Amino acid sequence: MAKIKHIAITTQDVEATSKFYIEVLGLQKVGDVNSPNATGCYLSDGNVNIAILNFKNEAAAGAEFGTGYSGIHHIGFEVESLGEVSGKLQDAGSTPREDINQALKLQMDGPRHSNVEVKYRGPDNVIIDVSETGWVGTNGLEAEPPQIAR
């Protein structure tokens, strides 16, 4: 069974948004994002990773959102087998988000690392992020990992 382990929120003000979740809801900062595609941070409650992102380019943000969008961007599911879930997604009519996957340099056959693996189009154009490796802060509040390119 897939487990919800990640939610990405895009914002125009990473500092104010992350401060809200830290001070009001008690989440802990567990990492930073600083790449050609986005800046931001990762927050966690020890079970779910919430990325607070400000996208730098339209391709990485996805055509339907763009860099000016603020709100929930995608939902991430940790799965036991990326290959098995990929087949199920495709059988259900869910197609890979090749535009975003290419912008982020993601591929099913390529190297994988935590915090992002492969994105698909879900029902109602919701972006689904599936991962075997998971996200920082989803198995307890870990120390900050090395920078991970997004």
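**A strand under cover**

Mentor: Let us begin with strand β4, which is mostly covered: seven of its seven residues are buried. Please keep in mind throughout that this is a predicted model.

Trainee: Which residues of β4 point one way, and which the other way?

Mentor: Asn49, Ala51, Leu53 and Phe55 point one way from β4, while Ile50, Ile52 and Asn54 point the other way. All of them are buried.

Trainee: How many helices and strands does the protein chain have?

Mentor: The protein chain has four helices and seven strands. Along the sequence they follow the pattern β-α-β-β-β-α-β-α-α-β-β. Of the 150 residues in the chain, 47% are buried.

Trainee: In what order do the strands stand in the sheet?

Mentor: The order is β2-β3-β4-β1-β5-β7-β6, in an open sheet of seven strands with mixed pairing. The strands β2 (28-34) and β6 (118-121) are at the edges and have a single partner strand each, so one side of each is left without a neighbour in the sheet. On average, neighbouring strands of this sheet are turned by 25 degrees against each other, direction ignored.

Trainee: In which sense do β3 and β4 pair, parallel or antiparallel?

Mentor: β3 and β4 run antiparallel and are joined by seven bridges. One example is Tyr42, whose bridge partner in β4 is Ala51. The two strands form a hairpin with four residues between them, and in the turn Gly46 has a positive phi of about 100 degrees. β2 and β3 also pair in the antiparallel sense, over six bridges. Here Asn34 has Thr39 in β3 as its bridge partner, and a hairpin of three residues joins β2 to β3.

Trainee: In which sense do β1 and β4 pair, parallel or antiparallel?

Mentor: That pairing is parallel, over five bridges. Thr10 stands opposite Leu53 in β4.

Trainee: I now turn to the helices. How should I read the pattern of buried residues in a helix?

Mentor: The general idea is as follows. An α-helix has 3.6 residues a turn, so residues three or four places apart point the same way.

Trainee: Which residues are buried in helix α1?

Mentor: In α1 (residues 14-23), the buried residues are Val14, Thr17, Ser18 and Tyr21. They cover an arc of only 95 degrees around the axis, which puts them on the same side of α1. The face turned away from that buried side carries the exposed residues Glu15 and Glu23.

Trainee: What do the buried residues of α1 pack against?

Mentor: They pack against β1 (3-10), β3 (38-44) and β4 (49-55). The helix α1 lies across β1, β2, β3 and β4, and runs at about 0 degrees to β3.

Trainee: Which residues of helix α3 are buried, and which are exposed?

Mentor: In α3 (residues 82-91), Leu82, Val85, Ser86 and Leu89 are buried. Seen down the axis of α3, these residues fall within an arc of 105 degrees, so they line one face of the helix. Lys88 and Asp91 are exposed on the other side of α3. The cover over the buried residues of α3 includes β6 and β7 (127-131). Just after α3, Gly93 takes a positive phi of about 90 degrees.

Trainee: Which residues have the most contacts inside the largest nonpolar core?

Mentor: They are Tyr42, Leu53 and Phe55, in a core of 16 residues. At least two residues of this core come from each of β2, β3, β4, α2 (58-61) and α4 (98-103). The largest share, three residues, comes from β4.

Trainee: Some buried residues have polar side chains to account for. With which side chain does that of Asp129 make a polar contact?

Mentor: Asp129 lies in strand β7 and is buried, with a relative accessible area of 0%. Its side chain makes a polar contact of 2.9 Å with the side chain of Lys119.

Trainee: Where is His74 found, and is His74 buried or exposed?

Mentor: His74 is found in strand β5 (residues 71-78). His74 is buried, with a relative accessible area of 1%. The side chains of His74 and His73 are joined by a polar contact of 2.8 Å.

Technical notes. Residues are numbered from 1 along each chain as its sequence is written. This is a predicted model: local features need pLDDT of at least 70, side-chain atom pairs count only at pLDDT 80 or more; totals for chains, interfaces and linings use all residues. Side-chain values use heavy atoms; hydrogens and water are left out. Buried means under 20% relative accessible area, exposed over 50%, partly exposed in between (1.4 Å probe, protein chains only). The arc is that of the directions from the helix axis to the C-beta atoms. Contact means heavy atoms within 4.5 Å. Two strands pair if DSSP finds at least two bridges between them. Axes are lines fitted to C-alpha atoms, for helices over the stretch in contact, and angles run from 0 to 180 degrees between N-to-C directions. A nonpolar core is a set of buried Ala, Val, Leu, Ile, Met, Phe, Trp, Tyr and Cys residues joined through side-chain atoms within 4.5 Å. A polar contact is a pair of N or O atoms within 3.5 Å; within protein, one must be able to donate a hydrogen and the other to accept it, and residues adjacent in sequence count only if both atoms are side-chain atoms.
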